[in-house]
Amino acid sequence: MSLVNFTTREITCKIVYYGPGRSGKTSNLHYIYGRVPESRRGRMVSLATQTDRTLFFDFLPLDLGVISGFTTRFQLYTVPGQAYYNSTRKLVLQGTDGVVFVADSQARRQDDNIESLQNLQHNLLQQGVDIRQFPVVMQYNKQDLPQDLILTTDEMDDMLNFRGFRSFGADALRGIGVFESLKAASEQVLKRLAAGSSVA
Amino acid sequence: MRAIESWVTGPLQTFVNESAARLTLLMTGSGQVIAQHGFARSLDVMSAAALGAGIMASSQEIAHLIGWPEFQVLVHQGSRHSHFLALVDVPAGRWIGLVVFGRETKLGVVRYFFDRMIDELATAAPRTPPPRKVLAADFETELHRSLRTLFGR
């Protein structure tokens, strides 16, 4: 849940990158970390295994600057994608203000995408959050792979996006779609805050 | 010292003075910083809060797995510094305290004054909810400008 300090006029929001294992959640944060000026970001924390798979979470604090007179900060988290890490996913999801769902565009990964999306909906519901009324952005990553291996963004929408969330094709390693996804999620989170529905 | 809510400052200041703690953070269960003492860079504070909340949350899950109600306090002892994590129940909800302390004080002293701080926070907490309207309707222009600056495009 967003934290708002009316005395020092500061807002802090939490966005979680969710999705199946190896879909590119950590790559999103690495790209953001590499592009944002040092003065506007904190240290990126990664709790990963020896083979660089996310074990608990990655964490990147961003300073967006002053918005409506409030110094606005976003905390970006990723979750571990593998199915057996659901307990840690639930912990990271606590108090989130918005989600970027990073799906793998490869045709052979569609079952994993669907399972992860269902898992997101279930875990949010356990925290009393209805995904239909929550800021979610769909990102279809790995659109740079050969066309015979992947689904197009329209096909991905048909497969996953029956709720009509905003969606973006992406190549997270090269940054395509990364900025757009974060921007869309930020907008939705702050719109919700402006409507006064999620103030701590 | 910085605090999101001004009523937190008094009890936190008293705790810091009495316990001789080097660093102290109060945060929500999701790792959002409520108050801090002794952290120089605000963004490093966020990392510490995220990690502290993660430790506490995963420990609570372990407690549930083994059939215990919860761990109220966790202590990690180091050779020069130790850290102390504890649940803090206030009228606004459940927070977490993270305290780093050195050899100049003792765990018992930290814990004693931490418990006193919790009592003082419960007394000092306001009973009225915070104002709900935050951002102006036209905040999106400023958001887009900030994101363009952030990403250089």
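## Secondary structure of chain A

In this predicted model, chain A contains five helices and eight strands. Their order along the sequence is β-β-α-β-β-β-α-β-α-β-α-β-α.

## Dimensions and packing of chain A

The radius of gyration of chain A is 16 Å, in agreement with the value near 16 Å that a compact globule of 200 residues would have. The C-alpha trace of chain A spans about 55 × 35 × 30 Å along its principal axes.

Buried residues make up 51% of the 200 residues in chain A. Contacts in chain A also reach across the sequence: taking those between residues at least 6 apart, 69% join residues at least 24 apart.

## Strand β6 of chain B and its partners

In chain B, strand β6 covers residues 93–101 and pairs with strand β2, residues 23–28. The two run antiparallel and are joined by six bridges. One position in this pairing is L23(B), whose bridge partner in β6(B) is V100(B).

Strand β6(B) is also joined to strand β5 of chain B, residues 82–90. Nine bridges link β5(B) and β6(B), and these strands too run antiparallel. Here F84(B) stands opposite V99(B) of β6(B).

How values were computed:
Residues are numbered from 1 along each chain as its sequence is written. Chains are lettered from A and ligands numbered from 1 in the order in which they are written. This is a predicted model: local features need pLDDT of at least 70, side-chain atom pairs count only at pLDDT 80 or more; totals for chains, interfaces and linings use all residues. Two strands pair if DSSP finds at least two bridges between them. Helices (H or I, at least four residues) and strands (E, at least two) are DSSP runs, numbered from the N terminus. The radius of gyration is taken over C-alpha atoms; the globule rule is 2.2 Å times the number of residues to the power 0.38. A residue is buried if 20 or more other C-beta atoms lie within 10 Å of its own, exposed if 12 or fewer, and partly exposed in between; C-beta atoms are placed from the backbone. Two residues are in contact if their C-beta atoms, placed from the backbone, lie within 7 Å.
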